[in-house]
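Try each task before you read its solution.

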Amino acid sequence: MTDTDDPDVTIDSKDASCPGPLMALIGKVKTLDAGTVVELQTTARNSTTDVPEWLEEAGHELLEIEERDEYWSIYLEVN
Amino acid sequence: MHRVAIVGGGTGGTVLANRLADELRSEIEAGKVEVRLITADPNHVYKPTFLYVPFGKKTVDDAKRPIEELVDRRVTLTIDEVVDVDTDRNRLSLADRTTRLHYDQLVLATGANLEPEAVPGLAEGGHHFYGPDGAERLRDELADFTEGHLVLSVVGVPHMCPAAPVEFPLMVDDWLRERGRREDVEITYTYPINRAHGLESVADWATDLFEERDIAVETFFNVDEVDPDAELIQTVEGDELEYDLLVAIPPHRGSDLVIDAGLGEDGWVDVDRHTLEATEAEDVYAIGDVADVPTSKAGSVAHYEAGAVADRIASRARGETPTATYDGKTVCFLEAGMDEATFIEFTYGEEPYVREPSKPIHWAKLGYNESYWLTARGLL
């Protein structure tokens, strides 16, 4: 089982428009310990570019972006 | 008797109560329907007024009027605090915890609350213009601020009036120029994501104007901590920024009432974005800032939502099937200085078009501020 099969925290930001998903992620990440694996669920296409950019800026690790039927799952690890 | 209870006397609750009093006039007069508005504050507050207070253009008294002067006489007005919502039994508890009110349809319009203490040092180190006390303190601070670094930092998103953070630096730039102080004041604007505003068209518009007016922009700037003694902001991204005067858009939170009632984890009510019906309970709607819908927390949103919900509630009170829906309509004025403004208008998923700022739009905005009380009465 990989980290992304069983994330520690799932943030459901489906239906929130930009920058809602990124802001939800930032708010949550501030409260998490290093090593925590997070799944951000989003229907906003911009999130698939905005979130990786922020992760790089803030020093967290992007693990995977998975396109599902009606939303994207963005997996990351808090550093 | 079909009982409609509305909790919250801001724009959403007041407009809704007045619309219902009009739509259900005959049913109320016949004793078949009751429309009750419950609000803890005996005053109705028009919050956009506070943006003008730091510049001495308005006072905090200009922002409020007794709510009993604004609601239709057919509305039963209760000045009290609702402390519990029991959606299984369709009833509300008031502050004395012994008074309970039954409802057939409930609307939560409890707004958003400021939470500067969510960020260490922010309450001590920062100013804001999102409430009466903050706006007055900022007015006094600004009056004496002759030189140094003024930082406008958007700390919390979502927040009330997403236009205001962009408006403030443009207004203060103009205001300082008028007083011959602009050359001695450096202005920086910060925003949490990778552009200057959540709406791309507003971000593009503001970025150009900020550059033209020598206002620095920092993006991907998420405030982690403020050190009031060192006058220093530290960010989640590991950056630091020194300030002499910090004007912050503080974090906001929804309502504990919502969390306790199981209607939304973060204090914002989970609703269907078109019908505004709560997803976690029957017979419950939410409008205004407390409703978790993908558009701005703005007065215009509360106003248009109130129109749709009034129609839905009136239909149900008459035993009809409700058909009215809210399409996400939002209208925001944007001040671009002390004497020019623009406005934007959009619905769900639409990117607004930002018009060239002009003096007539600024005067239209000031005119709207004066006529707002007609909006609250449900007339405009």
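The exercises below go from ground rules to strands, pairs and turns.

**Ground rules.** This is a predicted model, where local features need pLDDT of at least 70, side-chain atom pairs count only at pLDDT 80 or more, and totals for chains, interfaces and linings use all residues. Residues are numbered from 1 along each chain as its sequence is written, chains are lettered from A and ligands numbered from 1 in the order in which they are written, and side-chain values use heavy atoms, with hydrogens and water left out.

**Exercise 1.** Find the order of the strands in the open sheet of chain B, and name its edge strands.

*Solution.* Start with the terms. A strand is a DSSP run of E with at least two residues, numbered from the N terminus. Two strands pair if DSSP finds at least two bridges between them. The order is S6-S7-S8, with antiparallel pairing. S6(B) (82–86) and S8(B) (100–102) each pair on one side only, as edge strands.

**Exercise 2.** Trace the link between S6(B) and S7(B).

*Solution.* S7(B) covers residues 91–94, and four bridges join it to S6(B). Asp84(B) faces Ser93(B). Asp86(B) faces Arg91(B). Now check the hairpin: four residues lie between the strands, and Asn90(B) has a positive phi near 50°.

**Exercise 3.** Trace the link between S7(B) and S8(B).

*Solution.* Three bridges join these antiparallel strands. Ser93(B) has Arg100(B) as its bridge partner in S8(B). In this hairpin, five residues lie between the strands, and Arg97(B) takes a positive phi near 65°.
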